[in-house]
Each structure stands twice: as structure tokens, then as C-alpha cells.
Amino acid sequence: MDARGRIRQLADQVTALRDAYYQGAPLVADAEYDAIEDELRRLIDENPQWAPVPNPLELVGAPTVLHAPVRHSRPMLSLEKATRPEQVAAFFDRFPGQPVVVMPKLDGLSLALVFQDGRWVRAITRGDGTTGDDVTLLVRALVDGIPERVAASGRVEVRGEAVMLRSTFAAYNAAHPDQPLINPRGAAAGTLRAKDPATVAERRLRFFAFDLDTTNPGDVRVDLQEALGTLGFTAAEMRHCADADAAQAVIEAIEQGRNDLDYDLDGAVLRLANRDAYAAAGTRSNSPRGALAFKFAAEEKTTVLSDVVWDVGKTGKIAPVAHLEPVFVGGTTVTRATLANQEVIRARGIKIGDTVLVRRAGDVIPFVAGVLDASKRTGAERDIVPPTGCPSCGQPLTEQGNSRELFCTNVSCPAQTVRRLIHWASRAAADIEAVGPVWIERLAEVGILEHPSDFYRLTAETLLEFDRIGDVSAARMIESIDASRRVGLRRALIGLAIPMASEGTATRLCRAGFSSLEEVADATEDQLVAVEDIGPKVAASLSMHLARLRPELERLRERGVSLDVRDEDLPPVVASDAPLAGKTVVITGAISDPRTGEKVPRPTFQRLCEKAGATTASSVSASTDLLITGGDVGAAKLTKAEKLGVEVVDQSQIWDQLIAANIA
Ligand SMILES: NC(=O)c1ccc[n+]([C@@H]2O[C@H](COP(=O)([O-])OP(=O)(O)OC[C@H]3O[C@@H](n4cnc5c(N)ncnc54)[C@H](O)[C@@H]3O)[C@@H](O)[C@H]2O)c1
Ligand SMILES: [Zn+2]
């Protein structure tokens, strides 16, 4: 096909895909859509005479007339996209000497909020950029982070992004396996398309501001971020960058930190810091000249679901695992993803052979979010049929709960045995680093390992009988097993993988005064429920499984494994003159010991701070006393600390105090 034909074809495709997307039913992942736009843009650049009229690349969004149309005071535009450092440098070259801020690009939907003489009167979607939808009612009912009043007269318009937090998204999908949301962005957009807020009440959104217009500039601060903060908004964090290198470093830091956030980012935005300069730079057909969006690697892609394998877990849960044609998503090549359970498969209507959307965001394991475009089916797709018997031992399965999870309840099921052994050896439990999953599986296969206590009967001689184990590795394995005899109450309980008992349960039992695993096994359910945060279901599970595990506990003891509470399982004893006594601290960034330069794991440093009298928290709030910063600090926490007046100290100061007090 010639360029002209191809342009026409791509333009039609872009138009159709956009229509579907802005209707709330995308047919492809964003990354695939962007690739089509890129090809079209390149062809039009090379052949400007064949540019389609109208050119979809010069339009914004789509007209929406769901609610009442409202004309924007100033167009709400798209952003010019960049993916390479040269493009960032070119942006700086266009505006020599102008200060630039870099901020995260949140992936939600943009809203304009209008305030009249201090009172919030209206919320409008972007729509086609010129005219949006009046969604005031929905936004009032569902969006957090918007002050009812602002201290500024005249007309004030605050623009920003409404997002669904990842935690809200996950909680919603866990509670509604029958009506799953595909991704947080789509969920946010869908929420604001609802006719009645009551039908989407659990789908709360959060607003982050990034832009401001006012008729009385004297009422607000000059600096955009300060202005938004003083008006009572959480602003996207903006960092001033003197040159393209600095901007590139901030962009990279934002991308690095994106896994730690509770919301999706799809890039970083560069923008002229000076509001007048930004306005003076003007606009193109559909984007401001004074801003640039740097796009990050996609967290969602489509690929083919080639098979589904039912995998037996350590507690006997049989979970469907998707086997995928390799796809690069969320920074790695993914070939496996979770499908959760049969109810999720049914609700999402997924079949083997389908082109599915795979999402890998943050540290969450990749999952199959659904089928975007069922019209791609050829008829060769196959239903996913859950097994009736355990894939490992053949025993009939039982179903549990609303999502109809499948379980094998055979305690001597071989697959479960292997999983439990691997779990016992894992870092959070006995930490038998030198014996990896592959060896555990082989040792279990030949019957040498069945229970965790069997590790402690292994000898170098037994191991040396295996072809690929030599003197050195046998010695390392035995040494590693030996060290794990100090596992103690908390980690042993984690290692036994008792259904419903979490790591938190183990910690709480230690802190409640239980001194050994046997003592926990001896406790009545009433005594267990008396422990803070342990409910009747967890207590019943502990009682039942520990009773069953009695002989195993005896074997572990006989073989020299400590099941007693350890110092590290308990809150540290703190002297009254401890340097951080009574302080609530939040730790952020990479921590390293200044004496050796070695990286220190976060939990270890936390423990040191606790020994120094501090209570540690995971996020900055009004009750935080100190924010301790390490290297490559996530900027969101800093802004929040600043806003709340929380003192920020560098880790070096804390290390000095810890060292002086003989704690570190
Ligand atoms: N999957 C599909 O079929 C399909 C179809 C059409 C569009 N899309 C996706 O929609 C997006 C295109 O929309 P677009 O062209 O309007 O661009 P965009 O959404 O990528 O960029 C503009 C938007 O960025 C948002 N934003 C977030 N943080 C911001 C900040 N700090 N400063 C300024 N703006 C900020 C604003 O809402 C603004 O409207 C792309 O991601 C594209 O992949 C997908
Ligand atoms: Zn089984």
C-alpha cells in the first residue's frame, strides 16, 4: 500500500480506537494505540500533502454529552509526547533561560474545578478539549482531595487528575470478583460516566492538582505548587530543573519510584515554571507549547493466552496460571501471569487463545486483566476448564468462598509438600539460602524431604550422592541448614504456612507474650482471640493446624531447631535516654551504612530506629515527627512532609546518633 492509503487506513483506525476508548471500552492497550499514532505521525511528517482532514492527531479526547455540556474557559489540551532524552534537551533549547519544573504524569482523567468567590461550584471533564461534561454531582460524591472552599476571591479554576488509587482498585476487585475493573484509569473514567453516584459508591477517586487559573492573581502565591498547596489541594510534586540533564535525572527518579506509589503514572511532565511564560508560549492545535510529556514503559500490553495451568500452592489452593506469549511489560518480559480464580475467569470471559490485556504494575505479580476486543476471536479459542481433581495427587477438590477457589485438602499431596518445603526455606521463614527450590523439589521427589524437620536430618554424605552436588556445595548447604536452626517462634510460624495466619499474626503472638511455638499450640482459641487483631477464624485455623503439626514440632525440637521467641521477634528494649525516644519516624529512600558504604535493608534500619526509641510508620502524616531520608528519595514524601511541617533529616544525622548511642 502507498503512503497515502496507509495514512487513510491508520487515521480511520485511530478514530475508531479513540471512539471506543473514550466510550470507556478500549479495544487495545495504550502502548499499541500509541504505536499506531506514532506510525501515522511519521507518515504525515513525511507526506504533509496527504494529511487527513480533519487530522485525528490534532484533536483532543472526544465529545461527551452524557451530562450537561460546559464550555471551558481555556481549552483543556493533550500533551506533546517524548520518549528520548534528545527531545527533553530540545525542549530546553526552545526556552533558553526559562525555569522548568518536572512532575509526575498521573494516569487518570483530567478535571477542571471551578470556584467562585471561594466556593466550589463546578467540576467539568476534558471532553473534546473545548467542551466538557458537567460532572459536579459525581465528583462531589466520589472524589477525595477537593476542598469545599478556597481562600481566594473571584473565579479560580484548578485543573488536575482524578485517579483511582491502586489500593482502592485492588480492594474493589477483591470484593467484586463478579464485576472486575480492568485497570485504575478505566475505572476512574467509568466512575465519572455513571448516571447515579450511588451505583459506584465504592469506587472512590482521588484528585491531584497540576494547574491553576485565577481572575485575581493577587490572592494566590506566584509559585504554582505553593499556590495549589495553600488553597488546600494535594499538588503533583513539581521539581525545578536548571537544565536538560537535571530534568532527565528527575524523570528517571520518578520512573524508579513509580512502584512505590499508590497510583499509576504513565510518564513525567515538563512545564515552564513561570505561569506567564507558559501562557505566552501559546499552543499548537492540540497541545501547549510550554509543556512536554515524557512517556514511561507501559505497564499494560496485550498478548496471546497460550494455555492455563492449574498450580498447587503451599496451602493446597489450586490457582490458574496463565501461560502467555512473551510480552515486554512493566519493565520485564512476562510469560506467566495469574488469573486469580475460576470466578474471575468467568467474570472476565477469558478463553485460551484469546488476546488478553496483561497488567504488571508495581510489585504486584502480573495478572490477566481481561479481553479487550472479543471480535478478534477466530473460533479456535477454548474454554478454560477448572480441574475436578488435584493436578498433583488426583484427590477431588473442594470449592471455597464467593470466588469459588479450589483446594486440595490432602495433607500428603506431593505438590503441596514441595511448596511447603520451599516456603520453609524461604527468606521470611528459616532462610535456608543455599538450598534452592530446584534442589528441594529433587530431594522431595526421591523421598528425602517431606517435612521441614527433614532438612535437619540431611548430611553431606546424602547430598554427595547426587550427581551435581560436590564437596563445596554440600558443605554450603549443610552450613546454611545449620544456621537456620535459630529460626525461632516468629519465623517458624511463618514457615509452617498455616492458612490465614499472616506474618503479622506471628509478630503479634510474639509480642503478646507467647514464648514458644508449643505454647501457641497449647493455647485455647479463646486465649488466641484475646491477642490484638487475631479474630476467631485465624484462631481456629491456628488451633487446628498446630494440633495436626504437633509431631512435626517435636521432630524439629529433637533435631535442634529453636521454636522459642527470639529477641528480634519482640519490640526492642529502649532506654529512656534513647536518641529517638518517643518519636514517630518515616524512612524513605535507599539506606546505607556510612562506615562501610554498604546498603542496609529497610527492615534492618527500621529495627535500629526502634531500638533508639522510635515508632516507625510507612507514610507521612500529621503525627509524624521525622522523615528520615536516604538516597534517591521519592519526591512525593518530601512534599507531603513539607506541607505538614514534618522535620526532614538526612540519614547521616541518624546514623551519627545511632553510632554514638552504641545502637548501630
Ligand atoms: N487504548 C486506546 O485505544 C487508546 C485510545 C486513545 C487514547 N489512548 C490513550 O490516551 C492517552 C492520550 O491522551 P492524550 O493525548 O490526551 O494525552 P495524555 O492523556 O497522555 O496527556 C494529557 C493529559 O495528561 C494528564 N496529566 C496528568 N498529569 C499531568 C500533569 N502533571 N500535567 C499536565 N497534564 C497531566 C492530563 O489529564 C492531560 O489531559 C494516551 O495514553 C493513549 O495511549 C488510548
Ligand atoms: Zn493434591
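Lysine 105 is buried, because 21 other C-beta atoms lie within 10 Å of its own. The term buried requires 20 or more other C-beta atoms within 10 Å of the residue's own, exposed means 12 or fewer, and partly exposed covers the values in between, with C-beta atoms placed from the backbone. The structure is a predicted model, in which local features need pLDDT of at least 70 and side-chain atom pairs count only at pLDDT 80 or more, while totals for chains, interfaces and linings use all residues. Residues are numbered from 1 along each chain as its sequence is written, and chains are lettered from A and ligands numbered from 1 in the order in which they are written.

The UniProt record, an unreviewed entry, places the feature "active site" at Lys105. UniProt positions are given in the numbering used here, feature names are shortened, and annotations may be inferred rather than shown by experiment. Lysine 105 belongs to strand β3, which covers residues 100–106. Helices (H or I, at least four residues) and strands (E, at least two) are DSSP runs, numbered from the N terminus. When neighbours within four places in sequence are left aside, the contacts of lysine 105 are Leu265, Asp266, Gly267, Ala268, Val269 and Ala293. Two residues are in contact if their C-beta atoms, placed from the backbone, lie within 7 Å.

## The shell around ligand 1

Which residues come nearest to ligand 1? Of the 24 residues around ligand 1, these are Tyr21, Asp30, Tyr33, Ser78 and Ser110. A residue is near a molecule if its C-beta atom, placed from the backbone, lies within 6 Å of it. Two or more residues of this shell come from each of α1 (3–22), α2 (30–46), β3 and β11 (265–272). By class, the shell holds 15 nonpolar, 2 polar and 7 charged residues. Ala, Val, Leu, Ile, Met, Phe, Trp, Tyr, Cys and Pro count as nonpolar, Asp, Glu, Lys and Arg as charged, and the others, Gly among them, as polar. Domain 1 (3–58) and domain 2 (68–295) each give at least three residues to the shell around ligand 1.

## Domains

The assignment for the protein chain lists domain 1 (3–58), domain 2 (68–295), domain 3 (300–402), domain 4 (414–567) and domain 5 (584–660). Such bounds come from an automatic or database domain assignment. The C-alpha centres of domain 2 and domain 3 are 34 Å apart. Between these two domains, 9 residues of domain 2 are in contact with 13 residues of domain 3. On the domain 2 side, the touching residues divide into 3 nonpolar, 3 polar and 3 charged.

Helix α3 (residues 85–94) has the buried residues Val88, Phe91 and Phe92. Seen down the axis of α3, they fall within an arc of 95 degrees, so they line one face of the helix. The arc is that of the directions from the helix axis to the C-beta atoms. An α-helix has 3.6 residues a turn, so residues three or four places apart point the same way. The face of α3 turned away from the buried side carries the exposed residues Glu86 and Asp93. The cover over the buried residues of α3 includes β2 (81–82), β3, α8 (244–256), β11 and β12 (291–295).

In helix α20 (residues 602–611), the buried residues are Phe605, Leu608, Cys609 and Lys611. Their arc, seen down the axis of α20, is within 160 degrees, so they line one face of the helix. They pack against β20 (584–588), β21 (615–617) and α22 (651–660). Just after α20, glycine 613 takes a positive phi of about 100 degrees.

## Local backbone features

Valine 53 and proline 54 are joined by a cis peptide bond, with omega about -5 degrees. Proline 54 is found in the loop between α2 and β1 (68–71). Two residues other than glycine with a positive phi are set out below.

Aspartate 569 is found in the loop between α19 (536–558) and β20. With 19 other C-beta atoms within 10 Å, aspartate 569 is partly exposed. Leaving aside neighbours within four places in sequence, aspartate 569 is in contact with Gly488, Leu489, Arg490 and Cys510. Aspartate 569 and arginine 491 are 78 residues apart in sequence, and their C-alpha atoms are 8.5 Å apart in space.
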